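Open the model in your viewer and keep the selection panel at hand. The tour goes stop by stop.

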2 protein chains.
Amino acid sequence: MSDIKLYTYWRSSASWRVRIALHHKGIDFESIFVNLLKGEQASSRCHPDEFKATNPTGLVPALVINGETILESPAILELLEELFPERPLLPKDPIARAKVRAIANIIGCDIHPVQNLRVLKYAGQDRMAEWAKHFIDLGFEGLEKVVKGTAGKYCFGDEVTLADVFLVPQIGNAVRWGVDMSKFPTLAAIGDRLGELDAFRKAHPTAQPDAAN
Amino acid sequence: MSDIKLYTYWRSSASWRVRIALHHKGIDFESIFVNLLKGEQASSRCHPDEFKATNPTGLVPALVINGETILESPAILELLEELFPERPLLPKDPIARAKVRAIANIIGCDIHPVQNLRVLKYAGQDRMAEWAKHFIDLGFEGLEKVVKGTAGKYCFGDEVTLADVFLVPQIGNAVRWGVDMSKFPTLAAIGDRLGELDAFRKAHPTAQPDAAN
């Protein structure tokens with residue numbers, strides 16, 4: 001399985017999600033580091049040639065598997081779940097799967113895209129922090145209530161799921177932008193528990209070889 | 001199957017996606033109309049009590065099935081695919097599925113959330129049109145290249161997939177905000193072909209009973 005390559009950047013939340021899933025499932029992979037900060041707001045200008053050729057959006061992560069390049073973290077995560085069903089990140093029951101995916105979507109479609117760096121930059125240097133806090137706060141208000149209804153030890157019951165894979169990087173962003181996590185006790189407690197797990201430690205931005213680039 | 005209820009709003013792109021899938025699969029459903037314009041930027045304040053009780057995010061669409069409320073259009077669409085496998089919206093091959101999902105994600109995670117009405121309002125009345133055009137243009141530039149590599153008659157080969165379900169409402173937004181679709185000939189041609197299909201006609205905002213509310 002060493003034919004799996006991940007284009008990743010240590011600070012990219014979406015890359016972080018994929019790293020968690022790869023480590024959780026114990027999948028061997030090679031990292032190719034893409035320094036987003038050297039590029040123009042997530043454009044592909046700074047990327048390795050091979051990456052530019054296969055990834056028209058220029059965004060990380062991208063997963064190369066059996067010579068095929070797969071874009072977008074949610075699609076990559078579903079693919080990993082289908083190809084590597086051991087240590088599943090989705091329950092078996094369809095309604096339960098939908099509830100897990102809904103939590104992942106609240107983060108991946110409602111919260112994270114709006115506080116992504118390229119959006120913050122476009123909002124303006126003077127608005128960045130206030131903007132990020134506003135949308136994370138707004139999103140976490142709803143998310144806290146949703147997760148309160150599904151949580152056990154983690155976001156959905158007592159097993160690690162895709163919901164948790166999305167939650168931890170989003171809490172990372174929240175803390176970075178000064179969101180008061182004590183307003184979201186369910187999310188904060190789950191985040192703390194997940195942070196102790198091996199896969200989450202290995203996937204953490206500060207544990208990456210390209211950290212601080 | 002008349003125990004399926006969809007909380008929907010005619011202008012909501014995410015509701016539009018779910019309507020397309022329901023019609024495509026020929027699933028009977030009851031619509032419950034939520035007038036987002038009467039509420040505070042996608043808050044739950046204006047919503048029917050039942051909706052408020054079951055949907056902490058206050059966003060549409062929400063699907064009620066067998067008494068369970070499922071939030072978030074991508075999660076709802078995956079659930080419909082799992083419960084109603086006829087007239088599939090995902091191919092069988094995992095890599096092909098991932099490519100279809102990636103196209104859906106480029107729209108659902110990168111483009112649409114950033115030009116959503118609540119974000120445009122927060123950007124400021126004077127920036128709305130320019131903001132929406134900027135991010136749709138940026139997103140469609142990458143998407144046009146991606147879809148050029150996968151398209152047949154539709155976004156991925158010659159069958160309607162989840163990618164098409166996401167594309168049509170996004171083109172609707174693009175046109176609404178004055179994006180020049182002639183810059184994206186592959187996407188525009190696919191959109192035109194999809195627009196002729198029965199499911200897409202039935203799901204169109206202007207065909208909804210709550211249109212113009």
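Contact means heavy atoms within 4.5 Å. This is a predicted model: local features need pLDDT of at least 70, side-chain atom pairs count only at pLDDT 80 or more, and totals for chains, interfaces and linings use all residues. Residues are numbered from 1 along each chain as its sequence is written, chains are lettered from A and ligands numbered from 1 in the order in which they are written, and side-chain values use heavy atoms, with hydrogens and water left out.

**Stop 1: a helix in chain B.** Helices (H or I, at least four residues) and strands (E, at least two) are DSSP runs, numbered from the N terminus. Select residues 13–24 of chain B, helix α1.

Now colour by burial. Buried means under 20% relative accessible area, exposed over 50%, partly exposed in between (1.4 Å probe, protein chains only). In α1(B), 11 of the 12 residues are buried, so the helix is largely enclosed by the rest of the structure. Among them are B:W16, B:I20 and B:H24. Show the cover next: it includes β1 (4–8), α4 (94–111) and α7 (162–176) of chain B. After α1(B) comes B:G26, with a positive phi near 65 degrees.

Stop 2: Select β3 (residues 62–65) and β4 (residues 68–71) of chain A, which pair antiparallel over 4 bridges. Pairing requires at least two DSSP bridges between the strands. A:L63 stands opposite A:I70. The hairpin has 2 residues between its strands, and A:N66 in the turn has a positive phi of about 50 degrees.

Methods: The expected span of a helix is 1.5 Å times one less than its number of residues.
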